[in-house]
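Have the sequence and the 3D view open as you read.

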Amino acid sequence: AVPLSSAGEGDSTGRVYRLHVLSNGLTALLVSDPTAETAGAAMVVGSGSEQDPRDRGGLAHLLEHMLFQGSEKYPSATEYKTFLSGCGGSGNAATSDEDTRYYFTVSPESLEAVLDRWSQFFIAPTLNQTSIVSSIEAVNNEFL
């Protein structure tokens with residue numbers, strides 16, 4: 001196990017790890033690897049399908065899909081995917097029983113711009129009605 005501190009510590013691979021607790025209580029682990037060819041981010045939200053209301057099965061999975069459909073800062077439903085792809089990156093999400101995971105990888109020089117768009121999913125998602133129908137269809141198609 002790598003010891004973690006807010007000051008950052010390295011390991012035998014040259015990676016530096018930093019653990020931060022943000023003012024909103026979110027814990028962030030930052031890993032810097034000077035030899036890496038890609039950069040990325042991941043977030044695990046401690047809510048999954050087991051937390052769905054009994055009469056609303058699939059709600060966590062639907063929210064996972066809806067978060068990709070735009071934010072106040074980037075309202076276009078295709079903005080994130082188009083920008084990420086244009087930077088040579090990829091990303092996805094997955095909902096399990098216990099949690100939902102969001103992640104992406106991209107070239108290091110594009111990290112800041114992609115991270116800005118990606119973080120807006122969690123800061124100010126639009127959750128617009130136009131995208132709900134297509135998101136419900138996408139979720140349903142994953143189970144057919």
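**Rings on the inside**

W118 counts as buried, at 5% relative accessibility; buried means under 20% relative accessible area, exposed over 50% and partly exposed in between, using a 1.4 Å probe and protein chains only. Before going on, keep in mind that this is a predicted model, where local features need pLDDT of at least 70, side-chain atom pairs count only at pLDDT 80 or more, and totals for chains, interfaces and linings use all residues. Residues are numbered from 1 along each chain as its sequence is written, and side-chain values use heavy atoms, with hydrogens and water left out.

Rings of Phe, Tyr and Trp (its six-membered ring) pair if their centres lie within 6.5 Å, and planes under 30 degrees apart count as stacked, over 60 as edge-to-face and the rest as tilted.

Take Y80 and F121: their ring centres are 4.8 Å apart and their planes are at 75 degrees, so this pair is edge-to-face. Because Y80 lies in helix α2 (residues 79–86) and F121 in helix α3 (residues 111–123), the pair ties together parts that are 41 residues apart in sequence. Helices (H or I, at least four residues) and strands (E, at least two) are DSSP runs, numbered from the N terminus. Both Y80 and F121 are buried.

Back to W118, which forms an edge-to-face pair with F104, 5.3 Å centre to centre with 70 degrees between the planes. F104 lies in strand β6 (residues 100–106) and W118 in helix α3, so this pair ties together parts that are 14 residues apart in sequence. F104 is buried too, with a relative accessible area of 2%.

Zoom out, and F68, Y80, Y102, F104, W118, F121 and F122 form one aromatic cluster.
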